[in-house]
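Keep the structure in view while reading.

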Amino acid sequence: MNFLAHIYLSGENDLIKIGNFMADGIRGKQFEHFPADVQKGILLHRFIDTYTDSHDIFRQSTKRLHEKYHHYAGVIVDIIYDHFLAKNWIQYSDEKLEIFINRFYRSLHENYSILSEKTQDLMPYMIERNWLLSYQTVEGIHQILTQMDRRSKNISKMQFASEDLKEFYKEFEQEFTLFFEDIQQKSRQKLLSL
């Protein structure tokens, strides 16, 4: 799961959303330096990642890409799954996607002082290019994958993965829908135990 799904699966608490959003850059026990709700978000993020990586449906999606993209297949599927969440947003939320995203951006600004340095650096680019909203279209996904490929010095070849998305669109969407039903339930249970 990528940014949008992690934020969505955090429930309504802004600090849990922020923790879940910035968790990738927080190593080991560094999370203990953050406010309690941010810590919950980081722990939820770690749970979601572990659960996702070992899930049969997610693995089915990554298997389709593994020969071409090797260990980048999981990263690509994370982004593809965010596409289907954004595209089918009205099935998952009563709130418009644009409003949900703008509320999240506002909470990043309001809580800037508690963000990790990495998140503070990333935030202006993300908001300026509106990454979260761009997930709605295949073209937006292509742009995200191309940016990520550049960061890997074009080793990952991720810029070409939007072609795989188009080719196997129906299969990826079916897999996402089944998987997301499961991860929503598991995330709610995990949140209650944190």
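## Helix 4 and helix 11

Helix 4 passes helix 11 in a left-handed crossing. The model is a predicted one. Helix 4 covers residues 56-69 and helix 11 covers residues 169-193. Their axes come within 9 Å and cross at roughly 155°. An angle over 145 degrees counts as roughly antiparallel, and helix 4 and helix 11 are therefore roughly antiparallel to each other.

On the side of helix 4, the contact is made by Ile 57, Gln 60, Ser 61, Arg 64 and Leu 65. Helix 11 contributes Glu 171, Phe 172, Glu 175, Leu 178 and Phe 179. Sorted by type, the residues of this contact between helix 4 and helix 11 are 5 nonpolar, 2 polar and 3 charged.

## Helix 2 and helix 6

A second pair consists of helix 2, residues 14-22, and helix 6, residues 97-110. The axes of helix 2 and helix 6 come within 10 Å, with a crossing angle of roughly 85°. Because angles of 65 to 115 degrees count as roughly perpendicular, helix 2 is roughly perpendicular to helix 6.

Helix 2 takes part in the contact through Asp 14, Lys 17, Ile 18 and Phe 21. Facing them from helix 6 are Phe 100, Arg 103, Phe 104, Ser 107 and Leu 108. The residues of the contact of helix 2 with helix 6 comprise 5 nonpolar, 1 polar and 3 charged.

## The protein as a whole

The secondary structure of the protein consists of 11 helices and 0 strands. Read from the N terminus, the order of elements is α-α-α-α-α-α-α-α-α-α-α. The radius of gyration is 16 Å, close to the 16 Å that the globule rule gives for 194 residues, so the protein is as compact as a globular protein of that length.

Along the principal axes, the C-alpha atoms fill a box of roughly 45 × 35 × 35 Å. Of the 194 residues in the protein, 49% are buried. Among contacts between residues at least 6 apart in sequence, 66% join residues at least 24 apart.

## Glu 139

Which helix holds Glu 139? Glu 139 is found in helix 9, which spans residues 138-151. Its relative accessibility is 46%. Partly exposed residues lie between the 20% limit for buried and the 50% limit for exposed, so Glu 139 counts as partly exposed.

Glu 139 and Ile 127 are separated by 12 residues in sequence. In space, the C-alpha atoms of Glu 139 and Ile 127 are 18 Å apart.

Notes: Residues are numbered from 1 along each chain as its sequence is written. This is a predicted model: local features need pLDDT of at least 70, side-chain atom pairs count only at pLDDT 80 or more; totals for chains, interfaces and linings use all residues. Side-chain values use heavy atoms; hydrogens and water are left out. Axes are lines fitted to C-alpha atoms, for helices over the stretch in contact, and angles run from 0 to 180 degrees between N-to-C directions. Helices (H or I, at least four residues) and strands (E, at least two) are DSSP runs, numbered from the N terminus. Angles under 35 degrees count as roughly parallel, over 145 as roughly antiparallel, 65 to 115 as roughly perpendicular and the rest as oblique. Contact means heavy atoms within 4.5 Å. Ala, Val, Leu, Ile, Met, Phe, Trp, Tyr, Cys and Pro count as nonpolar, Asp, Glu, Lys and Arg as charged, and the others, Gly among them, as polar. A crossing is left-handed if the near helix is turned anticlockwise from the far one by less than a right angle, and right-handed if clockwise. The radius of gyration is taken over C-alpha atoms; the globule rule is 2.2 Å times the number of residues to the power 0.38. Buried means under 20% relative accessible area, exposed over 50%, partly exposed in between (1.4 Å probe, protein chains only).
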